[in-house]
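Thank you all for making time this morning. I would like to walk you through one chain, so please have a look at the sequence and the model before I go on.

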Amino acid sequence: QENADPNRTAFLLRKQWTLYSVSPLYRFHNSHLRDYARLLSAFIAAEKQKGLAVEVGVELDIKVAVSSIPDLKGSDRDQAAILVQLSLRSQASQKNSEDKLVWSGCFCCVFGDHLSENVSDDFTCLPLFLVNGAESYTSLVGTWFQKTFDCCFRRLAISPLNLCWMAAMWTGCKVDKAISAMELVFSVPSLPYPLDISYAIHPEDAKALWDTVQKTPGEITQEEVDVFMDCLYSHFHRHFKIRLSATKLVKVSTAVATAHCDGIVKFLQSKYLTGVLMLLTELAISQIQ
């Protein structure tokens with residue numbers, strides 16, 4: 001089920017997002033977003049005065065905007081997503097000139113309302129944090145949130161097992177146009193130098209294979225995922241005599257989304273945005289717990 005308004009969530013599409021898990025925020029209130037923006041802006045300005053400015057040699061103002069995205073959630077019990085944006089505006093430029101967006105961070109919880117049931121009302125649960133922008137800004141924003149709301153940020157990695165699930169689930173999704181091939185990237189271990197193997201499968205062939213494996217439409221089991229991947233491995237071994245089962249799956253690319261084991265994703269279809277965010281929310285919650 002897709003609840004997110006495509007117009008309100010379009011900013012998430014076709015950008016590279018780095019994933020973090022976030023513990024519940026203590027005494028965070030949606031009614032104070034303007035105050036939070038003002039305080040975060042002052043914090044960043046103070047850090048710049050200490051010589052930690054990202055831009056060197058140019059006097060720039062950093063404008064902070066904190067807003068709520070009520071549409072970006074899975075159920076009515078989920079907390080509304082929070083979008084944090086940093087923009088740069090040169091002091092020498094005209095007042096009516098457009099600000100340059102340089103960093104975005106989005107806190108969200110999609111079908112993760114069961115996390116809220118286990119914490120007191122003083123805490124706000126937004127376990128998944130998506131970041132697009134320079135790591136230096138991420139560090140500043142993360143530091144302020146951790147100090148202000150007594151929470152903890154951790155990079156969210158994606159295991160090979162979860163990548164296999166993503167490959168199977170996203171292959172089974174119906175998209176209007178699947179122009180690019182499904183691609184799996186594997187890392188070869190125990191070598192003195194890095195070596196990756198890229199395995200591209202035509203999207204229609206991958207979908208046809210998944211349709212023969214999946215027993216109940218709308219439901220996926222670990223056995224079905226294993227069979228799907230084993231079939232792909234067997235096909236690759238017949239042609240290249242390489243056993244992919246001995247390597248590590250590090251990246252999955254499909255028409256729905258792409259995901260890397262380092263916790264870097266890209267959303268490509270607004271139709272399945274909620275479903276992908278639900279899976280990522282589950283991964284973030286499992287890391288917190």
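Let me begin with residue classes: Ala, Val, Leu, Ile, Met, Phe, Trp, Tyr, Cys and Pro count as nonpolar, Asp, Glu, Lys and Arg as charged, and the others, Gly among them, as polar. This is a predicted model, in which local features need pLDDT of at least 70 and side-chain atom pairs count only at pLDDT 80 or more, while totals for chains, interfaces and linings use all residues. Residues are numbered from 1 along each chain as its sequence is written, and side-chain values use heavy atoms, with hydrogens and water left out.

Now to the largest pocket, whose volume is about 600 Å³. Its lining consists of 25 residues, and those closest to the centre are M169, C173, G218, I220 and Y272. Two or more lining residues come from each of α5 (160-171), α6 (203-213) and α8 (273-288), and α8 gives the largest share, six residues. Sorted by class, the lining holds eleven nonpolar, seven polar and seven charged residues.

How do α5 and α7 cross? The axes of α5 and helix α7 (residues 222-240) come within 10 Å and cross at roughly 85°, and therefore α5 is roughly perpendicular to α7, a term used for angles of 65 to 115 degrees. On the α5 side the contact (heavy atoms within 4.5 Å) involves L161, C164, W165, A167, A168 and T171, and on the α7 side Q222, V225, F228, M229 and Y233. These contact residues comprise nine nonpolar, two polar and no charged.

Technical notes. 1 Å grid on protein atoms, 1.4 Å probe; cavity = no way out; pocket = protein on both sides within 12 Å on 5 of 7 lines; lining within 4 Å. Points joined across faces, edges and corners; volume = space filled by probe spheres on them. Helix = DSSP H or I, 4+ residues; strand = E, 2+ residues; numbered from the N terminus. Axes fitted to C-alpha atoms, helices over the stretch in contact; angles between N-to-C directions. Parallel < 35°, antiparallel > 145°, perpendicular 65-115°, else oblique.
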